[in-house]
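Biologist: I would like to go through this model and ask what stands behind the words used for it. Please show it before we start.

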Amino acid sequence: WAMLSDYSEDTRIGKSILQYTADHYRRLRNTLRYLLGALAGFEDAEKLPIAEMPELERWVLHRLAELDKELRDCLARYDFLAFYTALHTFCANDLSAFYFDIRKDALYCDAAGSVRRRAARTVMAECLHKLMLWLAPVMPFTTEQAWGLRPVGVAGGPQGEADSVHRQLFPDVPGAWFDAALAEKWTTIRSIRRAVTGAIELARAAKDIGSSSQAAPKVYAAPAYVAALSGLDFAEICITASIDLRPLADAPPQAVLSTEVEGVAVLFEKTEHARCERCRSYYPEVGTIADHPDLCFRCAEVIAA
């Protein structure tokens, strides 16, 4: 409540304000809890160098570097409300609603030693470490509890009763994490993703599908979007069964132009593939693997290992 209050004006408090504050607190607490759960058993040997990481992980590291500068600037101005708002926005929008949503499949279903899963856990470890220290002045008891539960691969893990998050300084963020070109590219990608997920939500509301993993839309996009997505798995980013990405000029009359994102049209279709019973995603190979007829190639390989 103190961090949410603008001390340059009259300070207000009441039931509705405290309820609003409690909702914000739960989002931040749940972010720390999710990271602690996702990092169970994480050790230094699992860490992956930044050069070997997928673009999505490098983008998250860029956001941490960007956020570090923003937070330090806020404190230099004694602007505690902006400090808190930047942290909450990062946790709610960049992590929970975007990165965690995309990477939960790799986290739960990839082989433990896969590059994608190791990269995700490495980045999540960095997020947990930075967030615990940044949030310590905002949520002193919660961050102290999280600090005592951190795994060995995050700042050495718990180190006895004298170990406290409040004995730490704000973390140093490597300058190599900052990548303005990558940030601009992923701003474009997130825009077109928003157009696709909007169309999928309409299909879910109409009961055409139960989840986004059943969708197989055709997406018609302007050249800038097509170029930004080159070499990336757009279906993975949108959490769909597949995506057919084509130039906007090829859009048929029945494709719906996005009202939020200019230069994108979406033609919704439902996948015809069967569902993998392990990862709950839809793939063409499900039903064709002799030893594991109800699994996809990835899950069958993980099970057999």
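Modeller: What follows is a set of questions and answers on a predicted model.

Biologist: Which residues of α1 and α4 meet?

Modeller: On the α1 side they include Leu28, Leu32, Leu35 and Ala38, and on the α4 side Met124, Leu128, Leu131 and Leu135. By class, the residues of this contact are 12 nonpolar, 1 polar and 1 charged. Thr31 of α1 and Arg121 of α4 are also among them.

Biologist: What makes α1 roughly parallel to α5?

Modeller: Their axes cross at roughly 5°. The cut-off for roughly parallel is under 35 degrees, so α1 and α5 are given that name. The axes of α1 and α5 (residues 140–149) come within 11 Å. Tyr25, Arg29, Leu32 and Leu36 in α1 meet Thr142, Thr143, Ala146 and Leu149 in α5. That contact has 5 nonpolar, 2 polar and 1 charged residues.

Biologist: How do you know whether Val123 is buried or exposed?

Modeller: Val123, a residue of α4, has a relative accessible area of 0%. Buried means under 20%, so Val123 is buried.

Biologist: What does Val123 touch, leaving aside its neighbours within four places in sequence?

Modeller: Its contacts are Met53, Glu57, Val60, Leu61 and Tyr99. Leu61 is 62 residues from Val123 in sequence, and their C-alpha atoms are 7.0 Å apart.

Biologist: Why are β2 and β3 placed at the edges of the sheet?

Modeller: The sheet is open, with 4 strands in the order β2-β1-β4-β3 and mixed pairing. β2 (244–247) and β3 (256–257) each have a single partner strand, so one side of each has no neighbour in the sheet.

Biologist: How do you know that β1 and β2 pair?

Modeller: At least two bridges are needed for a pair, and 4 bridges join β1 (residues 218–221) to β2. These two strands run parallel. Tyr220 has Arg246 in β2 as its bridge partner.

Biologist: Which helix lies across β1, β2 and β4?

Modeller: That is α6 (residues 180–205), which runs at about 30° to β4 (264–267).

Conventions: Residues numbered from 1 in each chain as written. Predicted model: local features only at pLDDT ≥ 70, side-chain atom pairs only at ≥ 80, totals over all residues. Heavy atoms only, no water. Contact = heavy atoms within 4.5 Å. Nonpolar A, V, L, I, M, F, W, Y, C, P; charged D, E, K, R; others polar. Buried < 20%, exposed > 50% of the residue type's maximum accessible area, 1.4 Å probe, protein only. Axes fitted to C-alpha atoms, helices over the stretch in contact; angles between N-to-C directions. Parallel < 35°, antiparallel > 145°, perpendicular 65-115°, else oblique.
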